[in-house]
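Hi everyone, thanks for making time for this. I'd like to walk you through one model, starting at the ligand and then moving out to the sheets.

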Amino acid sequence: MCGIVGYIGNKEKKQIILDGLKELEYRGYDSAGLAVMKGLELDFFKAVGKLENLTNKCASFESEGYGFAIGHTRWATHGKATEINAHPHLGEYSCVIHNGIIENYKEIKDKLEKNGISFLSQTDTEVIVKLFEFYAKDLNAFEAFKHTVKELKGAFAILLLSKKDQNKVFFAKNAAPLIIGRNSQNELFFASADSPLVGLSEEVIYLEDLSFGYANKDELVIYENDELKNKSFSKLLSDKSYAKKDGFRFFMEKEIYEQSRVLSEVLMGRVNGDEVIFDELENEDLSDINEITLCACGTSYHAALASAYLFERIAKIKAKVEIASEFRYREAIISKNSLFIVISQSGETADTLEALKIAKEKGARTFAVCNVDNSSIVRLAHLSLLTRAGIEKGVASTKAFATQVLTLWMLAIFMAQKKNQNLNDEIKALLHIPNCVVVTQKLHDKIHRISKRYLDGHGFFYIGRDVFYPLALEGALKLKELSYLHAEGYPAGEMKHGPIALADSKLYTIALMPKNMLYEKTKSNVEELIARDSTLLSISPLEFDLSDDFIRTTEQEHYMCEFFEMMLITQLLAMEISIRLGNDVDMPRNLAKSVTVE
Ligand code: F6R
């Protein structure tokens with residue numbers, strides 16, 4: 001979603017804001033803007049498209065000396081990606097940046113319009129600055145800001161500057177992340193994620209929902225739910241190594257290649273002999289759990305689907321899977337002795353976070369499987385396991401998915417252990433997984449060569465059975481995100497119930513045909529498609545004569561080893577097709593990394 005940064009200090013403010021936005025650009029990149037306030041001088045710049053357009057636009061602007069600066073990179077929710085809709089939004093003497101959605105912006109807009117106030121943009125954000133100036137006619141700036149924030153409904157992280165009180169940055173946060181950073185030179189920073197703060201701030205405060213306040217070099221005033229709080233800073237734990245591509249063409253490529261190392265780290269300290277151990281769960285009794293609900297969005301939802309097969313097969317616990325945006329508005333029944341697991345890379349996905357809140361309110365025991373410590377989801381859930389993927393910068397998720405599946409599989413084994421089952425084969429396979437995702441030059445070259453045949457067509461069907469069905473969904477999602485070609489994932493056995501009507505030579509079937517999971521069944525389904533002239537790329541350890549293209553995988557003893565190797569192949573295939581089509585692999589059109597709006 002949108003990215004927010006802010007700075008209070010003496011340094012070149014424009015550059016600090018641009019550098020911070022660069023870190024967040026992968027989250028939203030339709031347009032960007034910044035504003036700098038020094039005394040009563042308020043300068044602002046906006047540009048459509050990538051951040052470099054904004055950088056060029058303010059190239060000759062200098063902003064040394066004590067002052068305040070805010071910046072924003074946008075993923076459009078209300079109104080197109082135009083300069084007028086870009087943030088900061090301006091009043092007569094104030095400006096605001098905002099991440100989230102103001103749900104009641106229409107009501108506020110109507111009210112202000114009745115009072116003779118006009119609007120320039122189509123955004124929800126503009127109402128914030130106009131409402132602020134409306135109240136500031138009669139109140140001091142902080143009181144006006146307070147009144148404004150109280151009237152807003154929805155999700156927001158807000159930074160506001162105003163000449164009415166030129167010695168403050170006003171901030172507010174609800175259901176969208178906002179972090180305050182500080183260093184030993186007494187500079188203050190704001191950001192919607194850790195990454196812009198790394199290297200600049202030593203300590204941070206993660207603001208809670210319904211927080212608002214103001215800051216300058218001498219004061220930091222934070223209210224939570226109207227109560228003045230004395231919040232303490234905690235150490236910022238991160239380094240900047242993720243920010244380099246290390247010779248790879250794209251962050252996504254780097255992240256695909258690092259999966260072997262990352263998956264070793266997921267296992268580190270968590271397998272002892274033939275046992276899975278989680279220190280985090282040492283004192284937890286999960287023996288009464290007889291049902292699991294898994295809830296997530298997008299790629300994380302696919303990890304949830306795959307793990308549901310594992311919870312039932314290995315731990316013998318009933319598992320069902322929910323799409324978070326659906327779960328929120330369903331009168332879902334959560335039974336006693338059930339565990340509600342949310343899965344999220346970012347830990348900030350609005351739908352998943354709300355689903356978690358609902359489950360918690362209904363009395364469920366909640367559990368987060370998440371990549372970001374201290375994220376809203378981790379803080380809210382009763383229990384959590386971190387997936388240890390490290391920062392993922394490619395908008396299309398790769399290593400985060402791999403770590404989610406591995407962590408959930410380990411959790412299934414962990415819960416099965418309580419039932420005294422023999423799990424040696426599972427443990428053996430688990431330990432072998434890092435070897436299954438090593439990218440060899442030969443494999444990458446082969447996928448690069450094959451990719452040239454799959455740049456058009458009227459559609460792709462990724463098909464598989466059992467856990468390979470969620471993997472088919474994930475493979476198709478990767479392809480459509482990166483190539484903008486239409487792709488669907490389907491259970492192989494379901495094609496004959498309708499979708500097979502689409503089959504012809506321009507329908508590309510990507511068949512996941514593992515040796516250790518329903519091979520013959522999948523093969524029959526693939527043959528039905530071949531008989532209707534569909535073009536076939538099969539991925540399997542077993543040669544399949546009828547394939548137009550064939551990628552041979554390693555002979556493995558466990559289907560999960562095949563799962564991870566096939567995952568790697570589908571990721572590389574989507575990336576290579578996207579590169580050939582000239583698309584931006586790391587920042588595909590219309591997408592954003594962390595979806596903090598509904
Ligand atoms: C796809 C992708 C998205 C996310 C989804 C949930 O490549 O990255 O589908 O998986 O937006 O995000 P998290 O996992 O952060 O909750």
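Let's begin with a question: how far is an oxygen atom of the ligand from an N or O atom in the side chain of Lys478? The distance is 3.0 Å, and I call that a polar contact, meaning a pair of N or O atoms within 3.5 Å; within protein, one must be able to donate a hydrogen and the other to accept it, and residues adjacent in sequence count only if both atoms are side-chain atoms. The protein covers 89% of the 410 Å² of accessible area that the ligand has on its own, with areas from the Shrake-Rupley method and a 1.4 Å probe; for residues, only the protein chains shown count as cover.

A quick word on ground rules. This is a predicted model, where local features need pLDDT of at least 70 and side-chain atom pairs count only at pLDDT 80 or more, while totals for chains, interfaces and linings use all residues. Residues are numbered from 1 along each chain as its sequence is written, and side-chain values use heavy atoms, with hydrogens and water left out.

Helices (H or I, at least four residues) and strands (E, at least two) are DSSP runs, numbered from the N terminus.

Now the sheets. Eight strands form an open antiparallel sheet, in the order E3-E2-E4-E1-E10-E9-E11-E15. Its edges are E3 (41–48) and E15 (234–235), each pairing on one side only; two strands pair if DSSP finds at least two bridges between them. E2 and E3 are antiparallel over eight bridges, with Ser31 partnered by Val48 in E3. These two strands make a hairpin with two residues between them, and Gly39 in the turn has a positive phi of about 60 degrees. E2 (31–38) also pairs with E4 (67–74), antiparallel, over seven bridges, where Met37 has Phe68 as its bridge partner.

A second open sheet, again antiparallel, has seven strands in the order E5-E6-E7-E8-E12-E13-E14. E5 and E14 (227–229) are its edges, each pairing on one side only. Nine bridges join E6 (94–102) to E7 (154–162), and Val96 stands opposite Leu160 in E7.

Lastly, two backbone details for anyone checking torsions. Most residues other than glycine have a negative phi, and most peptide bonds are trans. The bond from His87 to Pro88 is cis, with omega near 0 degrees, and Pro88 lies in the loop between E4 and E5 (89–90). Arg388 has a positive phi, near 60 degrees, in the loop between E22 (383–386) and H12 (399–417).
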